[in-house]
Amino acid sequence: MFRLIKKNDKARRGEFTTVHGSFQTPCFMNVGTSAAIKGGISSPDLKELKCQVELCNTYHLHLRPTDTVIKQMGGLHRFMNWDRPILTDSGGFQVFSLAKLRKIKEEGVFFNSHIDGKRIFIGPEQSMQIQSNLASTIAMAFDECVDNSVMNIPSDCPEDEKRRLIRKAHEYSRQSCERTTRWLIRCKDEMKRLNSLPDTINHDQLLFGINQGCTFEDLRIHHMEQIAQLDLDGYAVGGLAVGEPTEDMYRILDVVEPHMPAEKIRYLMGVGTPSNIIEAVARGIDLFDCVMPSRNARHATIFTWQGIMHITNRCYETDPLPIDPECSCPTCRNFTRAYVRHLFKSGEQLAGRLAVTHNLYFYNTLMEKIRTAIDNDSFDAFRKEYSEKLAKLIN
RNA sequence: GGGUAAGUAUGCAUAGCGGCGAGUGCAGCGGACUGUAAAUCCGUAACUUUGAAACACCGCAGGUUCGAGUCCUGCCUUACCCA
């Protein structure tokens with residue numbers, strides 16, 4: 001359960017307690033889609049990197065190794081030897097990201113497996129069943145993430161045509177939101193049923209609902225008001241940072257925040273860059289997740305307290321400094337920029353591992369610093385110092 | 001001395017078998033990445049220009065042909081083989 005500890009203006013400092021222990025917010029969840037952090041980071045490594053919560057994915061684990069295998073192995077915690085909280089994403093995002101392979105109906109979504117092309121079906125009940133088998137700490141509701149590109153209207157588009165397209169996108173988003181609400185109610189009922197079954201591994205599995213509504217303020221508010229009545233364990237904002245301008249994301253957060261239950265944890269899904277996170281905390285968000293630190297690390301982009309660094313750039317060829325002199329992660333304690341650059345240039349697997357180690361440590365330390373700043377009533381100063389700085393490319 | 005094979009943009013490796021204003025891969029350099037179908041993808045690569053063009057001695061020199069990187073002759077270089 002969520003306990004609000006203190007606030008700096010809208011920025012919140014809290015603690016979320018679960019059967020798998022508690023975690024401090026604001027918190028960044030480290031993404032291990034297929035029950036593994038890509039780049040070769042194991043669960044014991046992850047603890048050293050100050051990770052509080054790991055995120056796994058329903059759709060991916062359902063396909064491989066399948067949720068029944070994981071249930072047989074005692075659930076996700078035992079399977080990957082992680083005893084802290086795990087949040088499972090519902091597969092809703094895959095409805096969006098695997099768009100070419102799917103068909104949406106009222107019952108749920110038909111997919112073609114991206115692995116072998118097999119036809120599969122996931123609806124609210126299936127998603128809850130899978131997540132119950134995975135026995136994660138927190139299950140996400142099965143939602144529909146609307147593609148914000150419906151709002152990408154060419155600037156040379158005639159005014160009346162533009163109005164028509166926006167009306168169309170609004171109507172599409174409205175229907176999608178209503179379906180997401182109906183799915184959420186089914187998720188809640190199904191979770192209640194599953195939690196009470198005798199052979200369920202985690203009888204205390206929590207459920208978070210997801211707000212949708214594209215970049216339409218009225219839809220966002222209306223949807224949030226609807227789902228707030230369902231008294232869920234947490235509330236997420238989904239469907240942002242999927243192609244729309246960053247200002248739109250901040251605008252929607254500003255508009256939705258007053259309608260989110262104050263006593264519940266708030267999760268901004270899939271976000272984001274270090275400065276996105278700082279800005280979202282400033283707008284009342286408690287929980288985050290993003291593939292960016294791990295993916296970018298594998299692609300040789302590294303986050304530092306001075307800004308963003310492309311470690312493969314020539315200027316680091318003989319650089320004897322650690323990646324970030326201010327950092328005390330295992331990579332920075334032991335290796336130089338020149339060495340990490342060399343590993344990337346020669347295609348060594350160690351390159352990705354060292355870079356992911358650093359980036360996750362950086363993100364988890366960022367959250368720690370945000371928490372300390374709120375504790376010390378200095379979040380505003382922290383935001384002013386870092387929000388822009390961390391977004392800059394340094395070379 | 002004799003023989004065989006090969007010489008293609010900025011480094012390396014290659015495609016080409018009469019219409020080429022010459023393709024590709026690697027390397028180099030730069031960029032992107034937001035609830036992970038991504039250890040991936042994109043750009044760049046003479047000069048002038050800034051967006052429409054224009055542009056490359058395909059080892060060198062000749063020849064055949066409407067047209068040659070491509071066929072013919074000679075030369076140069078490299079590799080290997082035989083003396």
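Two strands are said to pair if DSSP finds at least two bridges between them. Helices (H or I, at least four residues) and strands (E, at least two) are DSSP runs, numbered from the N terminus. In the hairpin of strand 1 and strand 2, two residues sit between the strands, and Asp 9 takes a positive phi near 55°. Strand 1 (residues 2-8) runs antiparallel to strand 2 (residues 11-18), with six bridges holding the pairing, and Asn 8 stands opposite Ala 11 of strand 2.

A word on the source: this is a predicted model, in which local features need pLDDT of at least 70 and side-chain atom pairs count only at pLDDT 80 or more, while totals for chains, interfaces and linings use all residues. Residues are numbered from 1 along each chain as its sequence is written, with chains lettered from A and ligands numbered from 1 in the order in which they are written.

Now the overall picture. Chain A has 15 helices and 17 strands. Its radius of gyration (taken over C-alpha atoms) is 21 Å, close to the 21 Å that the globule rule (2.2 Å times the number of residues to the power 0.38) gives for 395 residues, so chain A is as compact as a globular protein of that length. The C-alpha trace spans about 60 × 60 × 45 Å along its principal axes. Buried residues (20 or more other C-beta atoms within 10 Å of their own, with C-beta atoms placed from the backbone) make up 49% of the 395 in chain A. As for contacts (C-beta atoms, placed from the backbone, within 7 Å), 72% of those between residues at least 6 apart in sequence join residues at least 24 apart.

Next comes a run of parallel strands. Strand 12 (residues 234-237) and strand 13 are parallel and joined by four bridges, one pairing being Ala 236 with Tyr 267 of strand 13. Together with helix 9 (residues 246-256), strands 12 and 13 form a right-handed β-α-β unit; right-handed here means that, with the strands pointing away from the viewer, the path from the first strand over the helix to the second runs clockwise. On to strand 14 (residues 287-289): strand 13 pairs with it in the parallel sense over two bridges, and Leu 268 has Phe 288 as its bridge partner there. The chain gets from strand 13 to strand 14 through helix 10 (residues 274-281), in another β-α-β crossover that is right-handed.

Strand 13 (residues 265-268) is covered on both faces, with Ile 265 and Tyr 267 buried on one side and Arg 266 and Leu 268 on the other. Helix 10 has seven of its eight residues buried, so it is largely enclosed by the rest of the structure; among them are Asn 276, Glu 279 and Ala 280.

Leaving aside residues up to four places away in sequence, Leu 268 touches Val 237, Leu 240, Ala 280, Ile 285 and Phe 288.

In helix 13 (residues 337-345), Arg 337, Val 340, Arg 341, Leu 343 and Phe 344 are buried. They span an arc (of the directions from the helix axis to the C-beta atoms) of only 160°, which puts them on the same side of helix 13. Just after helix 13, Gly 347 takes a positive phi of about 70°.

Methods: Contact = placed C-beta atoms within 7 Å. Buried ≥ 20, exposed ≤ 12 C-beta atoms within 10 Å, placed from the backbone.
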